[in-house]
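I wanted to look at ring contacts today. Here are my notes, with the structure first.

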Amino acid sequence: MQGKFDVLVIDEAGQTALADAVAVCGAARNMLLLGDPLQLQQVSQGIHPLCTGDSVVSYLLGEETTIPPERGIFLEVSYRMHPEICAFISENVYDGRLRAAPQTKKNVIDAPGLSGAGLRFLPIIHEGNSRESAEEAQRIVDEIKLLLRGSVTIGDAQPRAMSTEDVLVVSPYNAQRACIQRCLHDQGLDTVRVGTVDKFQGQEAPVVFYSMATSSDADLPRDLAFLYEQNRFNVAISRAQVLCVLVASPRLLLARCESPEEMAMVNLLCRYVECSRTGGSMLQANSAGNSEPAV
């Protein structure tokens with residue numbers, strides 16, 4: 001296949017390892033890389049030297065978060081997220097370069113429980129939970145039952161009744177996924193989609209619940225970087241078209257950090273809470289010039 005083509009296009013280049021890109025690049029004179037380096041990386045089973053296990057996009061960007069104008073094109077419009085969700089993602093993940101399409105302002109939920117649009121935080125007190133929280137699972141099921149009594153509007157479409165297909169429930173842990181599925185099954189809500197962050201990358205729904213499950217940093221089953229990783233958090237909450245609902249123990253906001261990198265990860269969670277309905281509107285915070293970190 002050497003030199004057989006003019007252009008080689010690699011889709012999902014944010015999940016394509018540098019080694020794989022190098023292996024195929026000889027097939028064409030030009031390569032077009034499409035992908036987001038701030039989504040989840042590909043699953044890796046070992047240690048790869050010389051950055052060969054990194055995604056080809058991450059390797060090319062180096063220390064940059066988003067691609068500089070002289071090196072490529074940044075697709076700056078989100079046609080999915082309500083402006084309040086998009087504003088949070090843009091400020092904290094994409095260098096402030098992402099904006100919501102005008103029609104997303106009309107995205108709204110009208111329900112007896114959670115309603116409106118934007119970021120929400122449901123603090124759940126629990127003790128000693130590592131990978132699984134029955135308390136969070138039960139609260140999510142209760143909120144879904146209320147949502148199903150309401151309606152949803154997406155863009156220019158007419159309002160319609162909420163259904164189980166309009167909800168995604170995401171967790172970092174398979175144990176919490178199974179716990180939530182059991183609770184949903186007991187209430188006859190088996191058709192609600194539940195999974196880990198990896199499963200739902202690329203998908204969307206009007207309402208997304210993100211259940212963190214762990215009670216505190218002392219209960220973490222892995223290192224801090226797994227639960228608080230920026231890319232994992234970004235993928236989880238950016239699935240939402242109307243409402244993003246973080247369900248977590250408030251003690252996760254008090255995690256002890258041992259490096260600047262860990263401080264940045266915990267700060268992202270704190271900033272979410274600060275910008276959520278319990279902490280004020282993201283758009284209001286921006287207009288007031290209040291963009292200082294929470295930690």
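This is a predicted model: local features need pLDDT of at least 70, side-chain atom pairs count only at pLDDT 80 or more; totals for chains, interfaces and linings use all residues.

**Aromatic pairs, notebook**

I began with Phe233, which counts as buried at 4% relative accessibility; buried means under 20% relative accessible area, exposed over 50% and partly exposed in between, with a 1.4 Å probe and protein chains only. Residues are numbered from 1 along each chain as its sequence is written, and side-chain values use heavy atoms, with hydrogens and water left out.

Next I searched the whole structure for aromatic pairs and got five. Rings of Phe, Tyr and Trp (its six-membered ring) pair if their centres lie within 6.5 Å; planes under 30 degrees apart are stacked, over 60 edge-to-face, and the rest tilted.

I looked up Tyr173 and Phe226: the pair is tilted, at 5.8 Å centre to centre and 35° between the planes. Tyr173 is in the loop between strand 9 (167–171) and helix 5 (174–186) and Phe226 in helix 7 (residues 224–228), so the pair ties together parts 53 residues apart in sequence. Helices (H or I, at least four residues) and strands (E, at least two) are DSSP runs, numbered from the N terminus. Both Tyr173 and Phe226 are buried.

Then I went back to Phe233, which makes an edge-to-face pair with Tyr210: 6.0 Å centre to centre, 65° between the planes. Tyr210 is buried too, with a relative accessible area of 0%. I also found that ring pairs link Phe88, Tyr210, Phe233 and Tyr272 into a cluster.
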